[in-house]
Amino acid sequence: MHSEVTYIRNALDAAGVHGVQGYCDKLEPNSKTSSVYRDHLSEAYAALMFARFGFEVQMRESPDLILEHNGVSLGAEVKRFQRKEQDDIDDKRMQEEFIEYGETVSTEDDEAWIQVEKVILKKSSKLLSGIPNILVIESSSPNCIEKSEILFAVNSIAKQINNCSTMNIGRLNGIVFMSNGYNYTRQRSVYFIEVPHADVPLSEKTRLALEEITEWTTGCNPEI
């Protein structure tokens, strides 16, 4: 087994995560395809994060994770936004002047928050009916996908739920956002943004448990 896959498997096992072997069987074949491999690692990083904050975690195919907290099950689908061309453009320009950044229309045709909204709507079809569900978003795009883009997308989707225009989105209870940067003022890099009017409401204990998640780390080889 690839050494990095072994490292992440050991980290997951040590954290008490279930379903690790099946996950590693999926991860291993992609170890030479850097972008796909890194996307799959987001599932491990999310699993480690939840386990460290008191959730029981089962890794699976779809949705990516089943979480349990205080006897309540919770489905979780994971998505990583890769670093964008616009991040490189903005970084270079910010070395020379103060600029507005994160504008992705010129490079990708859509504003960043609209890209988030499209992902949320697409991923909602993989969520389970009958239990609460969340979408976990990790951002490797520091200039384009941050908390504000998640909030814009959630506000737009909330309006669609009210208008009954989106079939599966009622399964979604919220977004757990794993930010690229750590906010030292708020002392967190993880944010829970609730989506209103979900089909199965979150219990107060589950909502508080999600809100109490403050940070995430790779928890494994720093070279990954």
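Let me start with how the elements are named: helices (H or I, at least four residues) and strands (E, at least two) are DSSP runs, numbered from the N terminus. Hello everyone, and thanks for coming. What you see above is a predicted model, in which local features need pLDDT of at least 70 and side-chain atom pairs count only at pLDDT 80 or more, while totals for chains, interfaces and linings use all residues. Residues are numbered from 1 along each chain as its sequence is written, and side-chain values use heavy atoms, with hydrogens and water left out.

With that naming in hand, let's look at a loop. Asparagine 70 sits in the loop between S2 and S3. Its phi is near 55 degrees, which is a positive value in a residue other than glycine.

There is another loop to point out, between strand S1 (56–59) and strand S2 (65–69), and proline 63 has its place there. The peptide bond leading from serine 62 to proline 63 is cis, and its omega is near -5 degrees.

Now to the helices. How do H1 and H3 pack? Helix H1 (residues 3–14) and helix H3 (residues 34–52) pack at an angle of about 20 degrees, with their axes 10 Å apart. Axes here are lines fitted to C-alpha atoms, for helices over the stretch in contact, and angles run from 0 to 180 degrees between N-to-C directions. That angle makes H1 roughly parallel to H3. For the wording, angles under 35 degrees count as roughly parallel, over 145 as roughly antiparallel, 65 to 115 as roughly perpendicular and the rest as oblique.

Which residues meet? From H1 we have Glu4, Val5, Ile8, Ala11 and Leu12, and from H3 there are Tyr37, Leu41, Ala44, Tyr45, Ala47 and Leu48. Contact means heavy atoms within 4.5 Å. By class, this contact of H1 with H3 has 10 nonpolar, no polar and one charged residues. Ala, Val, Leu, Ile, Met, Phe, Trp, Tyr, Cys and Pro count as nonpolar, Asp, Glu, Lys and Arg as charged, and the others, Gly among them, as polar.

Next comes helix H2 (residues 20–27), whose axis comes within 10 Å of that of H1, the two crossing at roughly 160 degrees. H1 and H2 are therefore roughly antiparallel to each other. On the H1 side the contact is made by Val5, Ile8, Arg9, Leu12 and Asp13, and on the H2 side by Val20, Gln21, Tyr23, Cys24 and Leu27. The classes in the contact of H1 with H2 are seven nonpolar, one polar and two charged residues.

And H2 with H3? Their axes come within 10 Å and cross at roughly 170 degrees. So H2 and H3 are roughly antiparallel to each other as well. Tyr23, Lys26 and Leu27 of H2 make the contact with Tyr37, His40, Leu41, Glu43 and Ala44 of H3. By class, the contact of H2 with H3 has five nonpolar, one polar and two charged residues.
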